[in-house]
Amino acid sequence: MFNQFFFVLVLLSTMASCTGAKSAQVVSANHVLHPVDSLLNLMTIEEKIGQMSIFTSGGDITGATLRDTYKEDIRKGRIGAVFSAHSVRFTRQLQKLAVENSRLGIPLLFGYDVIHGYKTIMPIPLGGAASWDLAAIQQASRIAAIESSAAGLHWTFAPMVDVARDPRWGRISEGAGEDALYGSLVAEARVKGFQGSDLTQNNTILACAKHFAAYGAAQAGRDYHTVDVSERTLREVYLPPFKSATEAGVRTFMTAFNELDGVPATGNSFLLKDILRKEWGFDGMVVTDYTSINEMVHHGVAATDKEAGELALNAGVDMDMQGAVFYDHLQKSLTEGKVRIEQINQAVRHILLMKYELGLFEDPFKYCNKKREEQYVFSKEHRQFARTLAQKSIVLLKNEKGILPLPQNAKKKVAVIGPFFDSEKDMLGSWSAAGRAEDCVTLKQGLLQAGSALEFSFAKGCAPYGGDQSNFAQAQKIASQADYIVLYLGETRGMSGEAASRSDIGLPGHQSALAKMCKKLGKPLIVILANGRPLTIPWLAEHVDAIVETWFLGTEAGNAIADVLLGKYNPSGRLPVTFPRRVGQIPIFYNMKNTGRPYEANNKFTSKYLDTPNTPLYPFGFGLSYTPFKYGSIKLKQPFLSKDMPLDVSITIENTGSQEGTETVQLYIRDLVASVTRPVKELKAFQQVVLKKGERKEVHFTLSEKDLMFFDKKMNWVVEPGEFELFIGANAQTSRKVLFTFR
Ligand code: GLC
């Protein structure tokens, strides 16, 4: 059958050459239609609705339904995109089905959850965020885009930019932690990494800001649970990273599963139209999360899938992921007048624009190059970078008497105990795309191939959870013969990520008993943590000599951890999220409000607990180094800031230790009196400085009025005159401060 694709191709490429318009507006100035509108005018209603549906190829299932008819749908032009299909071979096969069989031959979009790497797996996003190295975070996303595009993919469902203040929520592992500003900077870096500077290049992919919005505020940290936050909290905490992603040019958004103040995000026009389109000017495409349209029936705002579909389209959704609601019901809704053709046209326009911006109409197979796939996927250079970012993501939480690094040139015995030292799959963390467990370097491999003089022995001691204590004896045996004990404890990869909330975030199973058994031996005791969330580890914090937070570091995990343990890399990571002492303190985060009865040790009637301090175990921004840093006093060029007079701030940092190290100098402010209550601290800037031993450096910051702005009672974005405290230090608990005035 003569397929109109070639006619359409000629039409589009002709049009494309004479408009060059990027946005999908009808170009009325010279009365020439945008190519996307030209194509839209050729489409039947079935073909239009087809573009508004995405189904999984069956690769990774993350929800209830799986359609096995998608190949037939592609032939009939009744599907616009496929996700979890990857590799040049498979995507080429499916693209040929679409381009050569459907009437108009509109190319498919291929999406996938490339969250922290395609095949070269980087640290989980929360771990990468602990590097506080925005350039490295951007490069990690750039590498993920290079590899996934070489494997035929056009679109990643990342970055996840949900601010998370509740570590019971498993998806805290997928984001950048608890702070809106830092989350915004990471969102920008990751969008720029995935999309690069030119989406028509075949090594750039569409990014997707998700999950819009406030998914991280799920009540009780229980995944998919209700979200009920004030507009103030929404705008001050949860929206900024999405706004930052928009300003960075992100081309797609994904709606969240949760309701927001009574309206499910997938049917929420306040979010999808008022904020996203009108306030922020977003002109890209909105896809739902997996069957989140259908789930509006469970939410209780629609009696049927068909009604839910009408809610979603009327709210501003363009594409239905996996739910087949538009696929099954939208034509009837149109016939009944429940939706308008203009809404369908607008949705299809947004979708076709993505394909147009990627250059797929000119060459649907531009991402299907076998040679590129062989050259770039899992390359040596990518793995070298993965090791670098993994090193930077490691946070040293405790190091009593400088027990670390281990004396790599000494003939000492090191017993490595715990359930994770040879677990390849757990190094991947959640959402590991095409990453393979067998490609991961374990801690055992990393230590043995590091070339030290140390003599290592290994014993699990116990399983990650469940099981019994029958292997304690073997662990005790090697520990009693060793000079050092390294305990590798924590969570499996499956205990964080989606649908992995925990009501108790302590060490699972018999791991605490294993640690106490080792402690009794009176040897230097070092704990390595494998985890996708903060853990409540007060006993470890009090009784072991060193604690090394390693999250899930990906393909090069074992090498990076060995590099830190053996002193080949001086740890520089800082926490992007607060570690509570106990789960009962949650939600606990650094930028809390002061309350009317702030904590007083000797006053019962102040805001506190009977059974635990208010302070966290480890604060936001915290991390140690193998070298100490000394902070000088804060200097202000003038003691005030005004609309026309920014405030220059400086401080001297000195490396007073014996080796080079990296310090992340953090600047916080506090607005002492305002028309609404303000947090006791707000991160406003940070700088990483690398200092050689004995080196001093003056670090400069500049604050302007925009750094002092907030939403007033009427939700206007304002700055008010008054006094501010300015803090500079190594974490959110710093007390080093000066005063300045905004006038
Ligand atoms: C999931 C997740 C979302 C992911 C999507 C596709 O349920 O919520 O983050 O991108 O489905 O796998």
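Predicted model: local features only at pLDDT ≥ 70, side-chain atom pairs only at ≥ 80, totals over all residues.
How far from an oxygen atom of the ligand does a polar side-chain atom of D113 lie?

**View 1. The ligand and the residues that come nearest to it.** Let's start with the opening question: the separation between a polar side-chain atom of D113 and a ligand oxygen atom is 2.5 Å. D113 belongs to a set of 14 residues around the ligand, and it is listed with R171, K210, H211 and D289 as those that come nearest. Two more of these side chains are worth a look. For D289, an N or O atom of the side chain is 2.6 Å from an oxygen atom of the ligand. For H211, the corresponding distance from a side-chain N or O atom to a ligand oxygen atom is 2.7 Å.

**View 2. Helix 7 against helix 17.** Here you can follow residues 134–150 (helix 7) as they pack with residues 380–393 (helix 17), the axes being 11 Å apart. The angle is about 150°, and angles over 145 degrees count as roughly antiparallel, so helix 7 and helix 17 are roughly antiparallel to each other. The crossing of helix 7 past helix 17 is left-handed. Helix 7 brings A136, Q139, A140, I143, I146 and E147 to the contact, while helix 17 brings H382, F385 and L389. Sorted by class, the residues of this contact between helix 7 and helix 17 are 6 nonpolar, 2 polar and 1 charged.

**View 3. Helix 13 across helix 14.** Helix 13 covers residues 305–315 and helix 14 covers residues 325–335; their axes come within 9 Å and cross at roughly 80°. Helix 13 and helix 14 are therefore roughly perpendicular to each other. On the helix 13 side, look for D305, K306, G309, E310, A312 and L313, which meet V325, F326, H329, L330, K332 and S333 of helix 14. The contact of helix 13 with helix 14 holds 4 charged residues, along with 5 nonpolar and 3 polar ones.

**View 4. Helix 20 beside helix 21.** F472, A475 and Q476 of helix 20 make the contact with A513, L514 and M517 of helix 21. What classes of residue does the contact of helix 20 with helix 21 have? There are 5 nonpolar residues and 1 polar residue, with no charged ones.

Conventions. Residues numbered from 1 in each chain as written. Heavy atoms only, no water. Axes fitted to C-alpha atoms, helices over the stretch in contact; angles between N-to-C directions. Helix = DSSP H or I, 4+ residues; strand = E, 2+ residues; numbered from the N terminus. Parallel < 35°, antiparallel > 145°, perpendicular 65-115°, else oblique. Left-handed = near helix turned anticlockwise from the far one by under 90°. Contact = heavy atoms within 4.5 Å. Nonpolar A, V, L, I, M, F, W, Y, C, P; charged D, E, K, R; others polar. Near = heavy atom within 4 Å. Polar contact = N/O pair within 3.5 Å; in protein donor to acceptor, adjacent residues only side chain to side chain.
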